[in-house]
Amino acid sequence: MARKSEPPRAWQRMLSGRRLDLLDPSPLDIEIEDIAHGLARVARWNGQTRGAHSFSVAQHSLLVEAIAAHLDPGLSREAGLMALLHDAPEYVIGDMISPFKVVMGDAYKSVEGRLLAAIHLRFGLPPAAPAALKRTIKQADTVAAFFEATRLAGFGRQEALTFFGRPRALPAEVLALLSPLDTEAAQARFLARFTALGGGGLTASA
């Protein structure tokens, strides 16, 4: 009699040794070191950016958090942490470009949403950001996309204005975050910012 086939594997082993189930992610299987390692090695814009190094999702996350703080100078450290982690699920599922997300539809959004909720819970955050903070993060994400598109990804200004709208001017220290870093530097900066925002005391293995 033929053996019943095993269900397809839906978990990924991390370098920390954790096994993260994509269908039912547990906060106990999430480590910030795994997130930082993965995001520093995932390229924005499918790698179609200028520079000796890819512009990673780790750097994009730093940029979005800095823009969010610029848009709302009263942003709390908890809110900043949620901004920094807004794309954290991509350490597992990669950075899908927006057109492909449209093709994937609700299936992608469902997996991404479960992962983000588990990540938030792992670090003592509410499962979802409040609506006002979501709007701020979305605005910061769009501003970041405009500057990444025009400075790194080959978009003309008019084309970028069509897709991303007209952004606010940013201070030099925020624009400096657009310089692509090697993976080790991007990973270290992401971890340092996570700690500065108060996440450092929440990283011990459960």
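The structure is a predicted model, in which local features need pLDDT of at least 70, side-chain atom pairs count only at pLDDT 80 or more, and totals for chains, interfaces and linings use all residues. Residues are numbered from 1 along each chain as its sequence is written, and side-chain values use heavy atoms, with hydrogens and water left out. Helices (H or I, at least four residues) and strands (E, at least two) are DSSP runs, numbered from the N terminus.

**Helix 2 with helix 7**

- Two packed helices are described by the angle between their axes and the distance between the axes.
- Helix 2 (residues 57-71) packs against helix 7 (residues 131-151) at an angle of about 120 degrees, and their axes are 8 Å apart. Here axes are lines fitted to C-alpha atoms, for helices over the stretch in contact, and angles run from 0 to 180 degrees between N-to-C directions.
- That angle makes helix 2 oblique to helix 7. Angles under 35 degrees count as roughly parallel, over 145 as roughly antiparallel, 65 to 115 as roughly perpendicular and the rest as oblique.
- The crossing of helix 2 and helix 7 is right-handed; a crossing is right-handed if the near helix is turned clockwise from the far one by less than a right angle, and left-handed if anticlockwise.
- On the helix 2 side, the contact (heavy atoms within 4.5 Å) uses H60, L63, V64, I67, A68 and L71. Their partners in helix 7 are T136, I137, Q139, A140, D141, V143, A144 and E148.
- Sorted by class, the residues of this contact are nine nonpolar, three polar and two charged. Ala, Val, Leu, Ile, Met, Phe, Trp, Tyr, Cys and Pro count as nonpolar, Asp, Glu, Lys and Arg as charged, and the others, Gly among them, as polar.

**Helix 7 with helix 8**

- Helix 7 also packs with helix 8 (residues 157-164), at an angle of about 160 degrees and with axes 10 Å apart.
- Helix 7 and helix 8 are therefore roughly antiparallel to each other, and their crossing is right-handed.
- T142, A145, F146, A149 and T150 of helix 7 make this contact with R157, A160, L161 and F164 of helix 8.
- The contact of helix 7 with helix 8 has six nonpolar, two polar and one charged residues.

**An enclosed helix**

- Six of the eight residues of helix 3 (residues 77-84) are buried, so helix 3 is largely enclosed by the rest of the structure. Buried means under 20% relative accessible area, exposed over 50%, and partly exposed in between (1.4 Å probe, protein chains only).
- The buried residues of helix 3 are A79, G80, L81, M82, A83 and L84.

**Salt bridges**

- Side chains of opposite charge can pair when their charged atoms come close.
- The model has five salt bridges, where a salt bridge is a side-chain nitrogen of Lys or Arg within 4 Å of a carboxyl oxygen of Asp or Glu.
- E31 and R18 form one of them, at 2.8 Å from N to O. E31 lies in the loop between strand 2 (19-21) and helix 1 (32-39) and R18 in the loop between strand 1 (11-13) and strand 2, so the pair ties together parts 13 residues apart in sequence.
- E31 also meets R122, at 3.3 Å from N to O. R122 sits in helix 6 (residues 106-122), and this pair is 91 residues apart.
- E31 is buried at 3% relative accessible area, R18 at 19% and R122 at 11%.
- R44 pairs with E148 at 2.8 Å from N to O.
- R44 is buried at 11%, and E148 is buried at 0%.
- Through shared partners, salt bridges join R18, E31 and R122 into one network.
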